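Please look over the sequence and the structure before reading the points below.

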Amino acid sequence: MKKPFAPFGELGLIEQIRRDFATTGSAVKLGIGDDCAILRPPSGCEVLVTTDFTLEGRHFRRDSHPPESVGHRCLARGLSDLAAMGATPLAAFLSLALPSTMLAEAAGRAWTTRFFNGLRALAELHAVPLAGGDTSESPGGKQALILADIVLIGSAPKGKALRRSGAFPGDALYVTGQLGGAAAELATLLVRRKRIINLKTTDDHPHLFPEPRLDVGEALLRRGLATACLDISDGLSTDLAHLCRASGVNAEIEQEALPIHPLAGKLDAQAALHAALHGGEDYELLFTAPSSVTMPSSLAGVPLTRIGTLKARRTAQPLMTLLAPDGSRTELKPGGWEHFSKSTKTEKKTPR
């Protein structure tokens, strides 16, 4: 005989999280269960902290995204920030607000369990303990949304963390992996207008299951290869502009050199280029290195591609320039994601 469904509240949810995320790792002296966690950062290291929202309706849709993808992406956002600075993760903290009905209904309980399954799988892959957080009922009654905030704590040797401001004129520009795949997969997902129930593998799903480049970031720092670095989750054009402004340089991108993801490659040429330059959510790293450095073709199994060069800052010149295959040059303007921009208010109805 099938057992009746027994709803549970916040304490039951916390106990389930505590059971499923047994604290491990030498950096966490005290994890879930007390008023605060206690961390023990490695000797000779600085502590790095990053935080990212995951908001229903902005970053995912419950009717489109598998719950495992939402949990994976929630953690991946913070891990990618640590990767960009060459940091090693120490611990994660999750604050989660759920509609009141989710813990009272079997479908809601199942969604929550699958969300944590996705988060835990990525956490275990990178040995990141969940050391604490908070839970709450989200406001809004029947219209309430799921809200998650992930905090990642990492460490890097004192004074060695990679930053956006370390690039110089003459440095070469590199990206990891391939570009445009996340935007292309998202477009396909939204056309389907129904949720993917199950996926046989998380591989080759750059939007649903992005791969934060932690091993690459750590290798760049350890081997002293990069002068500056950041992740390009907001789109290559937007994040490159951040790097240029922080380092006081201009940039020239070679269109033919851009490594286009196969999913974007199925689009027409113009759409593929737009996805690579402005699509965002690829969670790849953009980094710079002196042109004299012999850069390996890959790090930690991830391909590296030289896509351009940095120039001395000249106010009369565009901040960024795109060099076309025919040799012509056009100004490259930031066209990726920016919260509170006019495009956000008038056009953005899709998850980011």
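The points below concern a sheet, a helix, the cysteines and the annotated positions.

The model is predicted. Its open sheet holds 4 strands in the order E3-E6-E4-E5, and the pairing is mixed.

**The sheet**
- The edge strands, each pairing on one side only, are E3 (45–55) and E5 (130–137).
- From one strand to the next, the twist averages 15 degrees.
- Strands of a sheet pair through backbone hydrogen bonds, in either a parallel or an antiparallel manner.
- Strand E4 (residues 88–98) and strand E6 (residues 147–157) run antiparallel and are joined by 9 bridges.
- Ala-97 has Leu-147 in E6 as its bridge partner.

**The helix across the sheet**
- Helix H2 (residues 67–84) lies across E3, E4 and E6, and runs at about 145 degrees to E3.

**Cysteines**
- A disulfide is a covalent bond that links the sulfur atoms of two cysteines.
- A search of the whole structure finds 0 disulfides.
- Cys-74 counts as buried because its relative accessibility is 0%, under the cut-off of 20%.
- Cys-229 also counts as buried, with a relative accessibility of 2%.

**Annotated positions**
- An unreviewed UniProt entry places the feature "binding site" at Asp-35, Thr-50 and Asp-81.
- Asp-35 is found in the loop between strand E1 (28–30) and strand E2 (38–39).
- Asp-35 counts as exposed because its relative accessibility is 77%, over the cut-off of 50%.
- Asp-81 is in helix H2 and is partly exposed, with a relative accessible area of 22%.
- Leaving aside residues up to four places away in sequence, Asp-81 touches Thr-50, Asp-52 and Asp-231.

Definitions and conventions. Residues numbered from 1 in each chain as written. Predicted model: local features only at pLDDT ≥ 70, side-chain atom pairs only at ≥ 80, totals over all residues. Heavy atoms only, no water. Pairing = 2+ DSSP bridges. Helix = DSSP H or I, 4+ residues; strand = E, 2+ residues; numbered from the N terminus. Axes fitted to C-alpha atoms, helices over the stretch in contact; angles between N-to-C directions. Contact = heavy atoms within 4.5 Å. Disulfide = S-S within 2.5 Å. Buried < 20%, exposed > 50% of the residue type's maximum accessible area, 1.4 Å probe, protein only. UniProt positions renumbered as here; feature names shortened; annotations may be inferred.
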